[in-house]
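I opened this entry to record what I looked up, starting with the contact between the chains and then going on to helix packing and backbone geometry.

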Amino acid sequence: MSASTSTLLIPLHAKYVQSLGESKDDLMYHLTAHLRMNAIYWGLTALCTMNHKDALNREEMIEFVMSCWDDEAGGGFGAHPDHDAHIHSTLSAIQILIMQDALDRVDVDRVVKFILSLQQPSGVFAGDQWGEIDTRFLYCAVNALSLLGRLHELDVEKTVGYVRQCRNFDGGFGAVAGAESHAAMVFVCTATLAILDRLDEIDQEMLGWWLAERQVPSGGLNGRPEKLEDVCYSFWVLSAMAILKKVPWIDSDKLIAFILSAQDTDHGGIADRPGNQADVFHTHFGIAGLSLLGYPGLADLDPVYCMPARVIERMGLRKGWEGLPRKAS
Amino acid sequence: MTSAGMIGSELEVIRGQTRCEVASRSKRANVMKSRIPTTYVHGVKRVRYSQEALEAKRRKEQAKLKEYLILNDDLLAKAYWGKEAFDLTTRMLNMNPEFYTAWNYRRNMLIHGIFPTRTPVEVNALLTDELSLTTALLKQHPKVYVIWNHRRWCLANVPDGPSHTDLDGWRQTNWNKELYVVEKMLDADARNFHAWNYRRYILAHMPAKRSAQSELVYTTRKIEANFSNFSAWHQRSKVLISLWETGQLDPRVSKEEEFELVKNAMYTDPSDQSVWIYHRWLIGAGEEFEVIQREIASIQELLDEQPDSKWCMESLVFYKRLVLRHHVQRLTATERGSLTQECIRLLSGLQEVDPSRRQRYKDLAWHTAAQQRM
């Protein structure tokens, strides 16, 4: 490992995130318009975790979010102006507005109505009116309703009932009932149960084992047995471990080294693995993982809501998770 | 494994093997420039270009960009529902199959603009075309959620027909093809969880169900091709539960066959965790004392051959603790004490062979000792 990848290059990554919006003459910028709202949430959360929140203009960001409001859909946000409302971009919009202390811009009643309208008889949520279902959308709904202070309008038993159907003998959870356990779905289901104060639904020792076994010899984490490691699992796996208070069950030094080795030391950003193309998604989830591992100089990230812990604490929503203690720099 | 596809004539898009199949949709990356405003990409190597090469490539991309922006604006104007607009969505989705709003627009056009003016024969033919479009797109983008979703939507909208006496005929024809398509997808990537989820969806919803027995045979085939394929082991566990619950297989006999299968796999590669996870499922809560004792002995035998086998040690600890928890009344105080000591000794060995998870083994040793004291 070169000297330059033995530390987190915070100013370079902040600059990288800042520069993402300045690439409008790039085709790739436009080909990913359907992820713009999520990308802004990833970028802003990464900046908050690096204590560089002001690197992006607050007013412009709020205006962008509000320009994605889909009035026809009855109360959700699309990923981009003129894109259809979807539960994923709606959650990202709410998270951004809360981080920017601008939730007063939203017609909360209509958003809540939109979200609740997507719950299916089985308890799972659809992403939009077209009916694609899975536990990611269920988490989006529960997270958003909690942030909006409207969890009491949710049919909790029905919702937990679906999560239970997705639980497997290995302790993990899949995308839909019957699906194989997958670290990303373990995160969404564990975080959902944490928000609903129903962690008793989890076989914690079994799930802790399955999660700890995601670490491979390189130090990185994979998402399923016998698969390759990837920086984004640093968050999917670690967040669930933090919620179960089992982060010490893996080798944190090796994981930190793996995440740092995936940095683009020339232009900033973090990739899925060393030597690959960086992107804002892996930049955010890599930094989120480092925060949970107590990496020095970072702010605490709440693994349940995937937002700055300070914001969640201020709202009185903090659950009993535990990352590693923040190391001195 | 990297397959290359062309978007238009000038922009090469590489789809690396994606491993992180999660909340987001875009997995494309343009490898032309050294720094690209990428949102979400997997498995694409970082390439460094000179400033001149970079500029040349950027100039070439501009024509493509212009075309894309015009197409995008036309599409989002959503001013009309006609053949021309429908073709716009086809062009857009071929360039960007993750653009969910374009799929939505297309479905709205089909439902409200096109289907009402067509005969059921024509509607069925249109949906067959839709399925062909998604097949072509899935070949290049096997992990894009919205393409799989459109496929489900097509199947759900196949009309009754071809006749009053055969209302399910078209549906049956379409659904039967699905298993073939999904098997091709799993031949290309046997761990693609989108394909496995889709497979379960098809098996559960097709008008004339396929037998669970034949699905068991399918999982055998996938496992024999690769023991590491936990997706196939997982599917096998689900299929067996349904065969046991419906009385199609005697659980006792069938479990014995499974233990035999898994034993072969363990001896083939004792470090492959798929097999051990499946074995843990077979043991379950460990209600059958004789079975769990026999399996402990068999794993001990393997450990004697391979004294550093982490998974042998890990499994022995798990099963011995299961015995301590569920069969304590069958044990004398001495046996309880020695089982506990064996667990603690194995956990200490695990700290040596698997130091990354040292803290877990320490915690388990502490709990095991604490339980004994109680």
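I first looked up the contact between the chains: 82 residues of chain B and 81 residues of chain A take part, contact meaning heavy atoms within 4.5 Å. I note that this is a predicted model, in which local features need pLDDT of at least 70 and side-chain atom pairs count only at pLDDT 80 or more, while totals for chains, interfaces and linings use all residues. Residues are numbered from 1 along each chain as its sequence is written, chains are lettered from A and ligands numbered from 1 in the order in which they are written, and side-chain values use heavy atoms, with hydrogens and water left out.

**Interface**

I find about 7,300 Å² buried between chain B and chain A, with 54% of that area from carbon and sulfur atoms. Buried area here is the accessible area (1.4 Å probe) that two parts lose on being put together, summed over both.

I then looked up salt bridges (a side-chain nitrogen of Lys or Arg within 4 Å of a carboxyl oxygen of Asp or Glu). Seven are counted between chain B and chain A. One salt bridge pairs B:Arg357 with A:Glu213, with 3.7 Å between the closest N and O atoms. I also noted B:Arg58 and A:Asp26, whose side chains form a salt bridge at 3.7 Å, N to O. This pair joins two chains, because B:Arg58 is in helix α1 (residues 51-77) of chain B and A:Asp26 is in the loop between α1 (10-19) and α2 (27-31) of chain A. The search of the whole structure gives 47 salt bridges over all chains.

**Helix packing**

Helices (H or I, at least four residues) and strands (E, at least two) are DSSP runs, numbered from the N terminus. Axes are lines fitted to C-alpha atoms, for helices over the stretch in contact, and angles run from 0 to 180 degrees between N-to-C directions. I use roughly parallel for angles under 35 degrees and roughly antiparallel for those over 145.

In chain B, the axes of α11 (residues 273-283) and α13 (residues 310-326) come within 11 Å and cross at roughly 15°. That angle makes α11(B) roughly parallel to α13(B). I class residues as nonpolar (Ala, Val, Leu, Ile, Met, Phe, Trp, Tyr, Cys and Pro), charged (Asp, Glu, Lys and Arg) or polar (the others, Gly among them). The α11(B) contact with α13(B) has seven nonpolar, three polar and two charged residues.

Also in chain B, α14 (residues 333-353) packs on α15 (residues 358-373) at about 170°, with the axes 9 Å apart. α14(B) and α15(B) are therefore roughly antiparallel. Their contact divides into eight nonpolar, five polar and three charged residues.

A:Met61, A:Ile62, A:Val65 and A:Met66 of α4(A) meet A:Ala93, A:Ile96 and A:Leu97 of α5(A). This contact has seven nonpolar, no polar and no charged residues.

**Backbone**

Most residues other than glycine have a negative phi, and most peptide bonds are trans. I therefore noted two exceptions to look at. The B:Gly161 to B:Pro162 peptide bond is cis, with omega near 15°, and B:Pro162 sits in the loop between α5 (145-156) and α6 (169-188) of chain B. A:Asp82 has a positive phi, near 75°, and lies in the loop between β2 (76-77) and α5 (87-99) of chain A.

Definitions and conventions. Angles under 35 degrees count as roughly parallel, over 145 as roughly antiparallel, 65 to 115 as roughly perpendicular and the rest as oblique.
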